Amino acid sequence: MLSNLFKKGANKMEQATEVLKERLAARHDELRWLYMELYNNGDMFAELCDQIYQFAVNRDAQLQKLDRSREKDPTWFRKNDMLGMMLYIDNFAGNLKGVKSKLDYLESCHVNCIHLMPFLESPKGRSDGGYAVADFRKVQPQLGTMDDLAQLAKACHKKGMNLCMDFVMNHTSEDHEWAKKARQGDGEYMSRYFFYDDPSIPQQYDQTVPQVFPTTAPGNFTYLDEMGYYVMTSFYPYQWDLNYRNPRVFNEMMYNFLYLANQGIDIIRIDAVPYIWKELGTSCRNLPQVHTIVRMMRIICEIVCPSVLLLGEVVMEPEKVVPYFGTVEKPECHMLYNVTTMATTWHSVATRDIRLLKKQMDIVNSLPKDYLFLNYLRCHDDIGWGLDYPTLEGYGMQEVGHKRFLNQYFTGAYENSGSRGELYNDDPVTQDARFCGTTASMCGVESAIFERNEEKLTHAIRMDLMLHAYMLTQSGIPMLYSGDEIGQLNDYTYKQDEDKKEDSRYIHRGKFQWNLAALNVKEGTVQEQIFHGLEELEKIRRMRHVFDSDVAVYTYDVKDNAILGILRQNEEERFIGLFNFHDEPRTAWMEEPGEYTNLLTNEQVTVRDLLIPGHDFLWLSKKLG
């Protein structure tokens, strides 16, 4: 019997090896061509191939089984049952084991994609929220171990859930082993970063490279007095930019990438991907070599771990991020963030004007259906007002004044605004700033509770649900931010923490309030109203093919600049979503009157001239054929 088991095991290993060889053979030539074009180093390419093979052979049997399953169903992540949630491990459940113990709760939220915010080892007080990685193969001790991560991934897979993590490949912490050796003057490790003893070179870079944080971390270089060198630090002085012109950097980072993938990660978010290639005399953004690197990452994934998806963080307008999808023949990222639409959504809330939002949605809807976006209202980061100002100027909105208005509105300084939050990177000279706050606080739930105003609270909850319904109507994968499902408010306690008090982003990075989550079953509470409202919306979305990612989607003009209309249609069903961004009732003038079903009430509705209450919405459906 043992002999038979051994033979079966050997046969499975042999089959897996054959599959691997087939994948290698199918992709080797392109990978080699791209690598040699970038580095022209055959020895380093041979090493890369050897390591690729080793990581593939050592991949867990269950993960290999998942690979084969998803290879047979390459659109598995494009289905309308996908729902993600971003969360901080410590805030949500203390550590990785705690997250594992809370999977039933996440399942009750209908979440099947869990995005763990940065958890790799980073120095206390100089971590940038975990984006300054000191060790790519070690979990922050207080959060657990790599084995805990692998066990969480296995538990997720048993429940049909996916695990997502950030891969910070543009830079390392100054506490990383490479940076420590570079600081000691080791030339090999200095070559993995950008070091210059001649100040004129950093000055030349600064002439063409925009600053990421002009207020809190001005410039693109940091002078190391003890070395007499400048080192490139695009983000913060303790985050040293990696030099991908050095093939050793690419190889080693790919080994880290595959190591993490082999822990059971399903989706790897490439942080700050446009920045990863630097050339003097350029903006050091979106250079052609970036696409070569991302394409090589995609090929490596398809060889070793084809079930793993690449999610690109590219903060630009939808039409400008398109190159990061690659082409049908040579794909790059599987998914990208829909960042601009998120910012424009909140602009629409403040202005009660959906014209710019409609224009951007028309652009997104015109893109090939192969392009998949992640849509969200809020995330771990601030909201930057990088809007389409040339278009807004045509509406009479000037950039400087409009940014000031938006920040006044969402901090509650503007008359009749119920929003609450704080500015981030506030520049007193330019009066430019970004904004921080939770969805519920931005919708007015916080101010209404503080004022004990039930009418305002009802309105704020309605607005919260309207915005989520609008997000769920878009094509792509909707992502919730942990706490939004129960209307969690701003957390001002960060100001009492020496390591956090200067970073207002922690206002929406507070601990998850489990005592409030327990109220999601108590009828009439804020938590129950939002949780139950989202549950109904998610249920409808999962059950109807009209929400599939390949369905035709258009904006629907209702002759009112405060109401956004979205039309989705397949051969079986015509769906219309109407979303009132005004705080007062508005009328949607429908071009094609008819009988529809209100999907939330199951009532028949005669669609003609529909009066929609302030910050309310309608989901309407009509069968075709």
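Reader: In what order do the 6 strands of the open sheet run, and what is the pairing?

Author: In this predicted model, the order across the open sheet is β18-β19-β20-β23-β21-β22, and the pairing is antiparallel.

Reader: Which strands stand at the edges there?

Author: The edges are taken by β18 (552-555) and β22 (604-612); each has a single partner strand, so one side of each is left without a neighbour in the sheet. From one strand to the next, the twist averages 20 degrees.

Reader: Over how many bridges do β21 and β22 pair?

Author: Strand β21, residues 586-598, pairs with β22 over 8 bridges in the antiparallel sense. Within that pairing, Arg586 is opposite Ile612 of β22.

Reader: And the loop between β21 and β22: where does Asn602 come in, and what is its phi?

Author: Asn602 is placed in that loop. Its phi is near 65 degrees, which is a positive value in a residue other than glycine.

Reader: Buried or exposed, that Asn602?

Author: Asn602 is exposed, its relative accessible area being 62%.

Reader: Why is Asn365 classed as buried?

Author: Its relative accessible area is 16%, and buried means under 20%.

Reader: Changing topic: what do β11, α12 and β12 make together?

Author: Strand β11, helix α12 (residues 288-304) and strand β12 make a right-handed β-α-β unit. The two strands pair in the parallel sense over 4 bridges, with β11 covering residues 267-270. In that pairing, Ile270 has Gly312 of β12 as its bridge partner.

Reader: Which way do the residues of β12 point?

Author: In β12, residues 309-312, Leu309 and Leu311 point one way, whereas Leu310 and Gly312 point the other way; all of them are buried.

Reader: In which sense do β12 and β13 pair, and over how many bridges?

Author: β12 pairs with β13 (residues 335-337) in the parallel sense, over 2 bridges. Gly312 also takes part on this side, standing opposite Leu336 of β13.

Reader: What about the loop between β11 and α12, where Ala272 lies: what is the phi of that residue?

Author: Phi of Ala272 is near 50 degrees, again a positive value in a residue other than glycine. Ala272 is buried, with a relative accessible area of 3%.

Reader: How many residues of α14 are buried?

Author: In α14, 13 of the 13 residues are buried, so this helix is largely enclosed by the rest of the structure. For its length, the 13 residues (339-351) should span 18 Å at 1.5 Å a residue, and the end C-alpha atoms are 19 Å apart, which agrees.

Reader: What follows α14?

Author: Arg352 follows α14, and its phi is positive, near 60 degrees.

Reader: How many residues of α11 are buried, for that matter?

Author: α11 is mostly covered, with 13 of its 15 residues buried. The 15 residues, 247-261, should span 21 Å at 1.5 Å a residue, and its end C-alpha atoms are 21 Å apart, which agrees.

Reader: What happens at the start of α11?

Author: There, Asn246 has a side-chain oxygen that reaches to within 2.9 Å of the backbone nitrogen of Arg248.

Reader: Now the open sheet with 3 strands. What is the order?

Author: The order is β7-β9-β8, with antiparallel pairing. Its edge strands, β7 (195-196) and β8 (221-224), each pair on one side only. β7 and β9, the latter being residues 229-232, are joined over 2 bridges in the antiparallel sense. Here Tyr196 is opposite Tyr230 in β9.

Reader: What is Val99 in contact with?

Author: Leaving aside neighbours within four places in sequence, Val99 is in contact with Ile89, Phe92, Ala93 and Leu152. As for Tyr88, which is 11 residues apart from Val99 along the chain, the two C-alpha atoms are separated by 9.7 Å.

Key: Residues numbered from 1 in each chain as written. Predicted model: local features only at pLDDT ≥ 70, side-chain atom pairs only at ≥ 80, totals over all residues. Heavy atoms only, no water. Expected span 1.5 Å × (residues − 1). Buried < 20%, exposed > 50% of the residue type's maximum accessible area, 1.4 Å probe, protein only. Polar contact = N/O pair within 3.5 Å; in protein donor to acceptor, adjacent residues only side chain to side chain. Pairing = 2+ DSSP bridges. Axes fitted to C-alpha atoms, helices over the stretch in contact; angles between N-to-C directions. Right-handed = clockwise from strand over helix to strand, strands pointing away. Contact = heavy atoms within 4.5 Å.
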